[in-house]
Amino acid sequence: MEQAKLTALVQEMTLAEKVDQLLQLAADFYSQAAEEKTGPMTEMGLKDENIQNAGTILGLAGASEAKRIQKEYMEKNRLGIPTLLMADIIHGFRTIFPIPLALGSSWDLAAAEEMAQISAKEAAVSGLHVTFSPMVDLVRDPRWGRVMESTGEDPYLNARFAESFVKGYQGDDLKNDFTRVAACVKHFAAYGAALAGRDYNTVNMSERQLRESYLPGYKAALDAGAKLVMTSFNTVDGIPATGNKWLFRDVLRQEYDFDGVVISDWGAVKELIFHGVAADEKQAAQLAIEAGVDIEMMTTCYTHYLAELIEEGSVDEALLDEAVLRILELKNDLGLFENPYRGASVEDEKVILSPEHRQAAREIAQKSIVLLKNKADILPLNSEETVAIIGPAAASHDVLGAWSWQGKMEEAVSLLEGAQAYSSHLLVGKEEFDYFAPSQKAVAEAVSLAQKADKVVLALGEAEWMSGEAASRSDITLPKAQIALFEAVKAVNPNIIVTLYNGRPLDLNGIDEAKAIVEAWFAGTEAGNALADILWGAFNPTARLSMSFPESVGQVPIFYNCDSTGRPYESAPNEKYVSKYLDVSNYAKYPFGFGLSYSQFSYQDVVIDQTELTPENQILLTVTITNESEQTGKETVQLYIQDLVGQVVRPIKELKAFQQVVLAGKESRKVSFAITEEMLRYVHQDQRTISDAGAFLAMVGPNSRDLTAVTFNLVK
Ligand code: NOJ
């Protein structure tokens with residue numbers, strides 16, 4: 001439909017129809033059973049026509065149901081406007097991929113794009129039009145359960161992943177490519193900075209920090225073309241995002257030139273009352289529409305009060321009209337006026353969980369699993385040795401992760417199932433093993449199997465419900481029963497390889513004496529296969545952490561790109577009055593960028609081709625990487641920069657680029673990075689993003705800790 005027709009359509013709509021266009025309801029309101037919706041309808045004060053004309057629906061899937069709903073909707077809609085179906089497709093639809101934090105550990109942007117593309121395809125053929133993804137909130141506090149939905153603690157890496165997700169979901173031609181869906185970047189803004197890691201808690205930070213660290217991820221998703229933005233639950237400088245005019249009108253719309261749809265998070269418009277910035281629903285509606293929120297998800301402040309606000313002259317009808325137009329434009333961009341059923345196809349639903357999709361999920365899971373420790377090369381295992389596979393996660397299918405509402409545990413592969421392909425010398429228990437309170441019988445059986453084995457694979461971790469939304473923890477260690485199990489096993493067999501399924505960086509105190517630790521996250525449908533591929537060496541690990549693992553929860557928030565302090569510990573480690581703890585180091589147990597391989601890589605000869613950088617030229621930094629082992633492996637070479645003297649305090653290092661290189665056994669290769677003036681820009685006191693002339697350190701290495709530095713100058 002042409003733009004002029006969309007504008008004309010808005011003019012044809014009554015005030016009530018326009019207000020209803022802004023309402024988003026859950027799919028239950030459209031389910032066939034009328035009696036099921038009566039309760040919620042009364043509670044929300046909804047009339048049949050509100051439901052009939054609500055502009056968008058969330059949380060539905062299935063081609064035939066999607067088609068039925070669209071057909072009935074359009075038949076009853078006076079102007080023949082189609083509805084729009086949205087849902088949370090975060091790390092896969094039915095084929096479940098590793099959680100985003102695991103994908104972040106892959107440092108593999110093509111893998112992220114592929115996962116998004118497959119997710120989009122499965123969702124689109126099931127009738128969906130929009131996914132509430134990517135979530136690009138920068139995270140620094142592993143107590144927050146939603147770190148599992150983020151790609152981690154680094155603005156640069158997050159931004160690159162944000163772009164890849166959007167490309168994968170949307171493709172290049174959303175209007176005609178019905179295997180894609182529109183992307184909704186969230187949660188704008190800074191939801192990941194909830195104080196003390198408690199979900200829905202206050203966020204408090206300077207505008208400068210917001211712009212420097214938190215906004216780049218969202219901006220990258222928008223530059224890649226994301227069609228929607230979701231508001232966050234938190235406050236930004238004292239004003240809840242959902243009623244924050246500065247954030248949405250000034251930053252998002254004006255500065256970023258975003259002309260797509262803004263949707264509130266679930267219930268967030270009404271929550272302006274609980275935040276204490278609106279006295280009632282009417283004021284909440286006014287604040288949200290003035291801030292530029294187009295769609296109200298699952299509360300009815302607009303539905304009940306927007307018309308009244310307009311009629312009494314408190315809100316300009318133009319604000320409503322522009323919101324409606326944006327929603328209609330989105331429907332049009334998705335081709336819904338011409339093709340209201342879009343990709344929904346019962347026939348095509350056969351692609352869901354296809355062998356190709358499962359294979360992609362396995363390969364992406366392999367790339368996301370991090371080898372944290374491998375003492376005396378206890379890994380990889382060989383098929384001849386006797387291996388006991390024990391612990392609560394050994395036979396568990398609870399491997400999908402929190403955002404997998406269409407995924408089915410019974411379709412997921414357990415570690416035990418994956419291991420069977422590699423060895424006929426496995427010792428496996430019969431007893432059920434609980435994550436928190438295993439029976440004495442189960443523990444005794446596990447210990448006796450460990451005693452008989454050459455090596456023990458002890459499968460530990462968090463249950464799925466322990467991370468995700470509303471799943472903050474103050475203690476991020478492993479459940480006590482698991483540490484007790486580790487102790488009991490160690491007493492009979494010290495050759496312990498711990499595997500972990502979890503949704504956040506953990507405090508790993510209690511399993512220090514494990515010979516190997518393999519961080520598998522929630523790796524999705526193919527988790528067990530991918531983990532076994534790594535344990536038996538069919539896949540040589542490549543993943544690197546995108547979020548630091550603390551030495552203890554007391555260090556949290558701990559992140560590699562922290563600011564310089566006035567009393568750095570390193571300047572005088574034996575001094576009392578330096579920035580440190582009495583009882584724990586300042587350092588992460590496993591830092592950002594860290595991960596081992598079965599190959600060993602060394603770094604030599606870090607050189608730069610000139611020491612003076614100008615805005616016009618570039619410096620080429622070259623390092624020689626050698627694979628010291630016999631085995632082909634992939635190394636992730638990382639470039640960090642520190643601005644030695646800034647107008648405001650600068651981070652001690654910041655990731656600026658990385659490259660993944662495959663080296664055959666004993667092969668050496670030169671890897672080069674171009675350093676440009678653009679990489680040195682940062683947000684100044686006056687909020688401008690510019691660079692300062694002066695001295696910089698360029699650091700290169702395999703992770704954010706083990707780096708070799710060279711100095712250069714920016715001359716302007
Ligand atoms: C609340 C969550 O914060 C958000 O991420 C999600 O997209 C919505 N619910 C819809 O399910």
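The axes of helix α7 (residues 109-125) and helix α15 come within 10 Å and cross at roughly 150°. Here, axes are lines fitted to C-alpha atoms, for helices over the stretch in contact, and angles run from 0 to 180 degrees between N-to-C directions. Helices (H or I, at least four residues) and strands (E, at least two) are DSSP runs, numbered from the N terminus. The structure is a predicted model, in which local features need pLDDT of at least 70 and side-chain atom pairs count only at pLDDT 80 or more, whereas totals for chains, interfaces and linings use all residues. Residues are numbered from 1 along each chain as its sequence is written, and side-chain values use heavy atoms, with hydrogens and water left out.

Given their crossing angle, α7 and α15 are therefore roughly antiparallel to each other; angles under 35 degrees count as roughly parallel, over 145 as roughly antiparallel, 65 to 115 as roughly perpendicular and the rest as oblique. The crossing of α7 past α15 is left-handed, a term for a near helix turned anticlockwise from the far one by less than a right angle, with clockwise giving right-handed. Helix α15 (residues 355-368) also approaches helix α19 (residues 527-535), their axes coming within 8 Å and crossing at roughly 50°. The relation between α15 and α19 is therefore oblique, and α15 passes α19 in a right-handed crossing.

The loop between β11 (370-374) and β12 (387-390) contains Pro380, which is joined to Leu379 by a cis peptide bond with omega about 0°. Ala376 lies in the loop between β11 and β12 as well; its phi is near 50°, a positive value in a residue other than glycine.

A cis peptide bond also leads from Lys186 to His187, with omega near -5°, and His187 belongs to strand β5 (residues 182-188). Both residues are among those that surround the ligand, together with Leu58, Asp88, Phe132, Arg146, Met230, Phe233, Asp265, Trp266, Met297 and Glu469; a residue is near the ligand if one of its heavy atoms lies within 4 Å of it. By class, this shell comprises 6 nonpolar, 1 polar and 5 charged residues.

A polar side-chain atom of Lys186 is placed 2.8 Å from an oxygen atom of the ligand. For His187, a polar side-chain atom lies 2.7 Å from a ligand oxygen atom, and for Asp265 the corresponding distance is 2.5 Å. Taken alone the ligand exposes 290 Å², of which the protein buries 93%; accessible areas come from the Shrake-Rupley method with a 1.4 Å probe.

Note on methods
Polar contact = N/O pair within 3.5 Å; in protein donor to acceptor, adjacent residues only side chain to side chain. Nonpolar A, V, L, I, M, F, W, Y, C, P; charged D, E, K, R; others polar.
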